[in-house]
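Please consult the sequence and the coordinates shown here alongside the text.

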Amino acid sequence: MQSNNLLELAGAISSGAVRVVDLTFTLSPDFPVIVLPPEFGQAAPVRIQEISRYDGRGPAWYWNNITFGEHTGTHFDAPIHWFTGKNLPNNAVDTMPAKDMIAPACVIDCSAQAAQDPDFLLTVPLVEAWEAKHGRIPDRNWVLLRTDWSKKGWRDYANLGDDGAHTPGPNAAVMKWLVEERGVIGFGNETIGTDAGQAGHFEPPYPAHHFLHGAGRYGLQCLCNLDQLPATGAIIVASPLKIQNGSGSPLRVIALVSST
Amino acid sequence: MVEPIKPPRRKNPLLRTRLPASPPRARSRTSHGYTRGAAEGRFLLQRCEACGAFAYPAREACPSCLSFGLSFVDAPRRGTLLCETTARVPSDVYFRERTPWRIGLVKMDCGPTIVTHLHADCVEGAPIRMSFQLDKSGQAVAFAHPEGETPNMADDKQWREMTADPKFRRVLVTNGRSVIGQEAVAALKGAGAKTVFVGIAEPWRPFAGEKLLRGQDGIEIVTLDAADEKSTADLAADIGGKVDILINTTEYVRPGGLLDRRGTSIARDEIDQAYLGFINLAQAFGPAVRMRGADGVNNSVAWVNILSVYALANWPAFGAYSASQAACLSLSHCLRAELRPGGVRVLNLFTGPVDTEWFQTVPPPKVAPRAIAQAIVSGLRGGLEEMYVGDVAEEIRQRLAANPKALERELDR
């Protein structure tokens, strides 16, 4: 791209010809986190502790100390997160190629199905039907699963039963297929986790994590505002914090969408 | 005959909230023998090891035989009220605000004569039962009760100064997810609390017993994650001025000590939940609780901590947990001092292993959560500061007093 094209892009963003859609939830202590059996190590919840707020602790300034796990809020999964990706080169958030942080997205709208069935699963035939309408998923694209799950209240969002979470996601076959047959750069979900709530019972367990990270691809979860994206053509900017050997991080995910 | 107290009306917003005053604090070091007993509801008097005579007030030598061997022992509580008088215009601010105030002279069956505060139903010449109570300055004072039960006896004005009865008061139970928390809610409602606020962290997580809590009058579920500064401050902004009794039911038990755990994330959670949670609660609720110590019938009166007895002596099987409890015990003493100007008591309940999930593999005896809840109520009603709930807690305490080094070796198994 010539530099004048980039300046055109900047102008289009400024004029509104290119919309910037924020796909990120506010990072806050009350946002649900992944639930694991209590005997496992737990993600530290988001904590915000005031250092000073124009007071005796610092008269002219306001700032906080923050703590959180790498997988809290709207967050990014790097390949090193899963055992399948542990030996890949450049598999952590600090070593992954910066160019992977910007890529186009295909958005598959399954909000109608997810409204009917919290355990709704994306399958290969459903993606093929989407391709029949919108064209083949190009290489190195994000596939984002729109379920409108992000519009729910927190309890319905986490949707925990005594047999685990019930939230939509991909099945095992479609994850393998998207990675191997479509070369996706990553998969994004509105729920807590790229995988479905019941994915621990799939074969293999947690197939999105298994296949994506095993092939050096990425995950995005707890996304919102996917309903504001077109089926194709949006550009996703997802640059995680550069945490040393980090397995992921909360981040600001934005999408560039042409208004025309 | 005591008139039953009435449910307090809503406050008149045109009137200033009265600030708490304290009765006189000065005591000799020896006199704190009474404080030690009063904190636990024991009636301790000095007794001469040489001649066996009981003495009062606290002395350095036996008034009968001049022996120096005076030690505090549990003493018989019975006596007779010799005479009484009513103070109408005392110079002390605390008593001046509470007149008329009755005091009397009691001849103990075991010998000494004691100047004492009087329950309204104590009659001259009649037998009475004595106790030492912690007054609003946290010091032990003698209190005479009628020998038997009398109608509405807990509602006596002078007695209520010595206690933290939940009746008509508003209580915050900080963690309603736990069995202990839910038992505490039930016990406090049963004891006549007007409202029990029940803190629930991360309300998006379902929990056992939720339906029951939601269905009851006088129980309000509130969002509270005590480990989170903002959540605690937000709740205090809403209800901080309506918490008369705070029950800290934070419960975060994990097995393990130092070497067989990897890393610090569990220890961090323990500190977050127990220690920082304590600080968050104290900073958010403490100032209003301290300020409202004289705010009418439903003034703020008490803060309750449920602590592991292994705060006193580390149990290596739950070693890091023990340490987090020791930290909370230390904080509780700081809190007690800081709430003192409000006349608000800090009641610590020490328990052994509780019959809950995280002590599943620990053999009995274990403390039933209901026993803890009942102890909370009886401790509040009795105006206590320290309680040992269950056999294990009591035994650990005795073994610690007898030989701390022996206990250390014995817990190392």
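## Terms and numbering

Helices (H or I, at least four residues) and strands (E, at least two) are DSSP runs, numbered from the N terminus. The model is a predicted one, in which local features need pLDDT of at least 70, side-chain atom pairs count only at pLDDT 80 or more, and totals for chains, interfaces and linings use all residues. Residues are numbered from 1 along each chain as its sequence is written, while chains are lettered from A and ligands numbered from 1 in the order in which they are written.

Most residues other than glycine have a negative phi, and most peptide bonds are trans.

A:Asn159, in the loop between helix H4 (154-158) and strand E8 (160-161) of chain A, has a positive phi near 45°. A:Asn159 is buried (20 or more other C-beta atoms within 10 Å, these atoms being placed from the backbone), with 22 such atoms. A:Arg140, which is not a glycine either, has a positive phi of about 60° and lies in the loop between helix H3 (124-134) and strand E7 (142-146) of chain A. With 15 other C-beta atoms within 10 Å, A:Arg140 is partly exposed, a class between buried and exposed (12 or fewer).

## Cis peptide bonds in chain B

The bond from B:Tyr56 to B:Pro57 is cis, with omega near -5°; B:Pro57 belongs to the loop between strand E2 (54-55) and strand E3 (70-74) of chain B. The bond from B:Thr99 to B:Pro100 is also cis, with omega near -5°, and B:Pro100 is placed in the loop between helix H2 (93-96) and strand E5 (101-108) of chain B.
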